[in-house]
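Please keep the structure open beside you as you read.

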Amino acid sequence: MSDATAESLDLLEHTPVAVFTLGVDGTILAHNAGMQVWLGEGGPEGGDGLRGRNIVEWLTAASRMLYETQVIPRLLERGRLREVMLEIRDGAGERRAALVNAELRHVDGRSVAYVAAVETTARAAFEKELVAARRETELAHRRLVLLQDATSALAVANGLDDLGETLVSAASRAMSTAWTAVRLVHTSGPAGAEVRRWGDHPPGVLLDARPAASAQQLVCRDIEQIALAAPQDAAALQASGIEALVTTPIVRTMGERTVVLGEIHCWFRRARSLEADELESLRALAAQAERVVDHLRLRDQLQHHALHDSLTGLPNRILFEQRLQRILERTEHDGVPCAVLFLDLDGFKGINDRLGHGVGDEVLRIVADRLRRVCRVGDTVARLGGDEFLITASGMDDAETTRFAERVRSVVREPLDGPAAGSPLSASVGAVHWRADVGRVPPSAEDVVAAADAAMYRAKRAGKDGVQVDVLGG
């Protein structure tokens, strides 16, 4: 043997790459010393080492399945194998990854696989870390985009409804929730706590009646934590299949005092790990909401005042005519008739002059409440000013319009309580009914109101406390 050949064999024997031959049944026929080092299987110098043992002894369960169902069949079919990743457990029980290449040859009438395996444990770990880092980067980017989108939407929000819907959408996207709800509680008004809510919540879980939540974020990752932290909801949530939840408060710090303005509620059908960055996304959304809620609440109030009567809270003429115009358009489209009633109170001037404006104002509020009571859901009651009121209703024929106008007249005639007790009060009611007919140009809202006003004046001239009904265009 030449020195060069001996040097090559020595290099092959001690290279860190595992080099070995296998029978097609997996039996190790020959191997270099590097394979024993790699597998952590020591042995006496000059012994047989690993020969006669089967390679599957060291393969993990998943790699053994891959070896038996994919690696050997592919090697027998193609005669070679390139860069297949297998995982083994060494003599100490540690997992190691290996990149395997093999060639199938025929020696002395039998098939023998010549195999070279390079350990890639460090490389595999690095690649896993790289994949995890890439995933974290993608998640961070997605959350950043989500927060930027939410910020942009809140910047152009046109009131509290826009705020609530934006928060529901952003929280749902960020957390992949089963249900998401946003609640705002305003307690500074004269009527006590005002609650606004958007989104959906699990059946049986009621949010409106509750006081504002704690200033701390509530995180329940499984049903056991829910039972401890939210016992009042545990049964309903379990019935709905909810196994995790997060409640994120919308808070404002005022010196040493913290005020809870509302919450973002997220519910999940499966237990969740709820990582720190996910929870921080919700806190960031809540912080953005806190910065704009007062501005949007003020905008809503201004819009409300612009379209409602300050004394009774009823819609004013502007809002009434907007709603009436939509009803007229719907009537033209689907043929469902509509009616408008114009009321002028009889006897109100005497109450106002005799008992004062304060009592007069209270009487107007009483009348507004009575009109709300007699109307159906979907009808609109408005105050024009003074002692004049308007009502619009859909789905009434001529006879129903007349009966409705009589009910309105009757409810106004009910006896008054308080300082105005014993004072007579009635109403002259003018009503118009309109049903879309082919070829007829639909009236405008202003035209309908003017026609109802004219009918009301006929009721006044007829002796007051009466009803006059017209069919518009008839």
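1. Let us start with Thr 248, which counts as buried because its relative accessibility is 1%, under the 20% cut-off. This is a predicted model, so please read each point here as a description of a prediction. Thr 248 sits in strand E9, which covers residues 244–254. Its side chain makes a polar contact with the side chain of Gln 217, at 2.9 Å. Beyond residues up to four places away in sequence, Thr 248 touches Gln 217, Gly 262, Glu 263, Ile 264, Leu 282, Arg 283 and Ala 286.

2. Next, have a look at the largest nonpolar core, which has 32 residues. Leu 343 and Leu 371 have the most contacts inside this core. Strands E11, E13 and E14 and helices H10, H11 and H12 each give two or more residues to it, and H11 gives the most, with 7 residues. In general, nonpolar side chains in soluble globular proteins tend to be buried together.

3. With neighbours within four places in sequence left aside, Leu 371 is in contact with Leu 343, Val 381, Phe 389, Ile 391, Val 408, Val 411 and Val 412. Another core, of 27 residues, lies apart from this one and includes Ala 18, Trp 38, Ile 55 and Leu 86.

4. How many salt bridges does a search of the whole structure find? The search finds 25 salt bridges. One of them joins Arg 365 to Glu 362, with the closest N and O atoms 3.2 Å apart. These two residues are 3 residues apart in helix H11, so about one helical turn separates them. Arg 365 is partly exposed at 32%, and Glu 362 is partly exposed at 36%.

5. Helix H11 also holds Asp 369 and Arg 372, 3 residues apart, about one turn of the helix. They form a salt bridge whose closest N and O atoms are 2.7 Å apart.

6. Arg 370 forms a salt bridge with Glu 414, at 3.9 Å between the closest N and O atoms. Arg 370 lies in helix H11 and Glu 414 in the loop between H12 and E14, so the pair ties together parts that are 44 residues apart in sequence. Arg 370 is buried, at 7%, whereas Glu 414 is partly exposed, at 32%.

7. Finally, Asp 398 is found in helix H12. The C-alpha atoms of Asp 398 and Val 469 are separated by 8.4 Å, and the two are 71 residues apart along the chain.

Technical notes: Residues numbered from 1 in each chain as written. Predicted model: local features only at pLDDT ≥ 70, side-chain atom pairs only at ≥ 80, totals over all residues. Heavy atoms only, no water. Helix = DSSP H or I, 4+ residues; strand = E, 2+ residues; numbered from the N terminus. Buried < 20%, exposed > 50% of the residue type's maximum accessible area, 1.4 Å probe, protein only. Polar contact = N/O pair within 3.5 Å; in protein donor to acceptor, adjacent residues only side chain to side chain. Contact = heavy atoms within 4.5 Å. Core = buried A, V, L, I, M, F, W, Y, C linked by side-chain atoms within 4.5 Å. Salt bridge = Lys/Arg side-chain N within 4 Å of Asp/Glu carboxyl O.
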